[in-house]
Amino acid sequence: SVDATQVMHKILHAELSYRVQPGPLTLYYPKWLPADHSPDGPIWNVAGLKFFAAGKPLIWAQDAADMYAFHLEVPPQVNSITAQLDFLLSAPGPSIDFSASGSAKLFVLMWSQVMLYPAGMPAHAITVQPQVKLPAGWKFSTSLPVASASANNITFKPVELDLLIDSPVQSGQYMKVVQLTPGENPSHEIDIAADSPSALDLSPDLIENYRHLIREAQALYQSHHYREYHFLLTLSDNTMPLGQEHHESSDDRMA
């Protein structure tokens, strides 16, 4: 469960719940990320880490050799614990920093930023029930199927951890959806978020080029590997420019 209502202050709050058994437990923060080329998940942006069982705090320790691993002891007769953490967003700088993903008007949630997952299980065997709370009045786009949405609280359908990490959520005060294959299955769309309404207006020629891209890819491969596809296009001077290909979406950011 991610609270992004303070994203304009560059802070995310997250709470994670786990089914556990009594005894030693190791949780990992993601180190290798999709489309990244080194084991540098931004653990240095994590703050305020706490663990609880039945409302009581648990003692934990960071691994002496692997700073991405956290060890704790689950008390007897305890079958669930919670973790709380904050993630501090960065401002764009001269080097690659995937944490530079939000401004006062928009935000791209990368689930890996707020994730701790149990050791000893492959990512595709871990099922997650994700939730996010957005600033009031913000819209959102993602390839994740939605279970329910009321006001600014969105609950997604249960999803495997590896697919969740590969499914960013784009949100913002100013957003626009451009359908590229209206009425067709699967659907393809460009979801645009920007710091101002005027920045949402893509040229008709650019949109037509995207439509050509869809048709040419289908003609070349004669198949598709996704339920639907979202080009998540973020136009902002306050996020790091990048282009990342994900399973059912792309995360594309430009000035």
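This is a predicted model: local features need pLDDT of at least 70, side-chain atom pairs count only at pLDDT 80 or more; totals for chains, interfaces and linings use all residues.

Residues are numbered from 1 along each chain as its sequence is written, and side-chain values use heavy atoms, with hydrogens and water left out.

The secondary structure consists of two helices and 22 strands; helices (H or I, at least four residues) and strands (E, at least two) are DSSP runs, numbered from the N terminus. The radius of gyration is 19 Å, close to the 18 Å of the globule rule for 255 residues, so the protein is as compact as a globular protein of that length. That radius is taken over C-alpha atoms, and the rule is 2.2 Å times the number of residues to the power 0.38. Of the 255 residues, 47% count as buried, meaning under 20% relative accessible area with a 1.4 Å probe and protein chains only.

Now to the sheet. Four strands make an open, antiparallel sheet in the order β6-β7-β3-β10, where two strands pair if DSSP finds at least two bridges between them. β6 (60-62) and β10 are the edge strands, each with a single partner, so one side of each has no neighbour in the sheet. Within the sheet, six bridges join β3 to β7 (residues 69-74), and Gly 23 has Val 74 of β7 as its bridge partner.

Which residues lie nearest the centre of the largest pocket? They are Ser 17, Tyr 18, Arg 19, Ile 126 and Thr 127, among 36 lining residues. Elements giving two or more residues to this lining include β3 (23-28) and β10 (117-118). The largest share, six residues, comes from β2. A pocket here is an open set of points on a 1 Å grid over the protein atoms alone, where a 1.4 Å probe fits, with protein on both sides within 12 Å along at least five of seven lines; lining residues have an atom within 4 Å of a point.

The second largest pocket has 19 lining residues, with His 188, Ile 214, Ala 217, Gln 218 and Tyr 226 nearest its centre. Here α2 (204-221) and β20 (229-235) each give two or more residues, and α2 supplies the largest share, six residues.

Methods
Buried means under 20% relative accessible area, exposed over 50%, partly exposed in between (1.4 Å probe, protein chains only).
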